[in-house]
Amino acid sequence: MQKILVTAADLAKEALALLTDYEVVFAGKTPSAADVTALCKAHNPVAIIVRYGRIDALQMDAAPALKVISKHGSGIDTIDSAAAGKRGITVVAATAVNADAVAEHSLALMLAAAKSVIGLNERMHAGHWDKSTHKSLELRGKTVGLVGLGAIGLRFAMLCKALGMRALGHDPFANPERCKAAGVEVVDLATVLREADVLSLHCPLTLENKGFINTVTLTQCKRGVIFINTARGGLVDEAAMLTAVQSGQVGTAALDSFAVEPFPSTSPAPHPFQNQAGFILSPHIGGVTSDAYVNMGVAAAQNVLNCLKG
């Protein structure tokens with residue numbers, strides 16, 4: 001029986017039900033590159049469903065029968081697509097199926113930042129009552145700037161519009177009709193940076209945009225801007241972001257993705273963002289909901305079958 005490798009410890013039962021003609025091999029909760037390579041050598045899978053970790057040429061060459069690499073999600077930056085192309089291996093993603101989940105998490109981060117939810121909670125637990133001194137940010141009438149106008153960005157835009165916010169967006173591949181329907185005005189990047197009260201990233205990570213949120217682009221933003229990243233950590237120069245938050249140029253950085261994931265648990269030094277005022281952090285779980293888990297699993301499995309069965 002041909003085998004499919006899943007770089008995780010589990011897959012939704014609805015997805016597994018689609019793969020009954022194959023033997024599914026699980027790599028474990030947090031498989032290393034060496035773990036995946038060893039499993040490729042041992043099982044020679046025809047397909048890999050990628051949930052965690054990277055897939056590079058080393059893993060591809062360890063599985064000569066490999067025909068398709070299917071991402072359990074929308075971002076394929078953890079797959080060496082160029083190496084796959086050279087080897088005739090198809091790379092596919094489960095696009096748009098987690099759009100609601102990620103957009104809602106973006107909304108949660110924005111509200112937590114604007115309403116100081118984290119800080120007020122900590123102060124309350126410490127016995128303080130800050131009603132006479134605290135002022136939150138009212139979002140109605142403010143401008144949300146979106147970089148990336150795919151399914152997630154447009155869904156987040158609609159949530160923001162429901163709050164009475166103005167939505168500006170930049171995406172060279174934007175669909176004008178879909179943007180208009182979502183109430184997004186498509187402009188250039190400079191305009192988004194200059195006018196946004198809330199700046200939110202919803203674009204894939206590419207060689208061209210890696211680290212584009214940096215000292216230069218951050219200085220083009222309004223002072224005190226709320227910055228949200230539920231896309232990819234590699235889009236942000238983390239040293240520049242730390243400086244911008246410490247200086248007040250960025251009011252709050254609410255982040256769900258980071259350049260290196262997960263944070264090293266055994267490192268002698270914490271991540272620079274940890275225990276820093278002005279940061280709200282979550283462990284790349286924007287797309288992790290019960291519904292999205294099933295939807296992404298089913299889409300990833302179906303993509304595998306579509307490729308293997310033509």
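Predicted model: local features only at pLDDT ≥ 70, side-chain atom pairs only at ≥ 80, totals over all residues.
The residues of H2 (residues 33-43) that are buried are Val36, Thr37, Leu39 and Cys40. Because these residues span an arc of only 165 degrees around the axis, they lie on the same side of H2. Exposed residues, namely Ala34, Lys41 and Ala42, are carried by the face of H2 that is turned away from the buried side. Just after H2, a positive phi of about 45 degrees is adopted by Asn44.

For the second largest pocket, a volume of about 460 Å³ was computed. Its lining comprises 20 residues, and those nearest the centre of the pocket are Asp171, Pro172, Phe173, Cys203 and Pro204. By residue class, the lining of the second largest pocket consists of 10 nonpolar, 7 polar and 3 charged residues.

The volume of the largest cavity is about 40 Å³. Asn229, Gly233, Val236, Glu238, Leu255, Ser257, Phe258 and Phe273 line the largest cavity. Of these lining residues, 4 are nonpolar, 3 are polar and 1 is charged.

Definitions and conventions: Residues numbered from 1 in each chain as written. Heavy atoms only, no water. Buried < 20%, exposed > 50% of the residue type's maximum accessible area, 1.4 Å probe, protein only. Helix = DSSP H or I, 4+ residues; strand = E, 2+ residues; numbered from the N terminus. Arc of directions from axis to C-beta. 1 Å grid on protein atoms, 1.4 Å probe; cavity = no way out; pocket = protein on both sides within 12 Å on 5 of 7 lines; lining within 4 Å. Points joined across faces, edges and corners; volume = space filled by probe spheres on them. Nonpolar A, V, L, I, M, F, W, Y, C, P; charged D, E, K, R; others polar.
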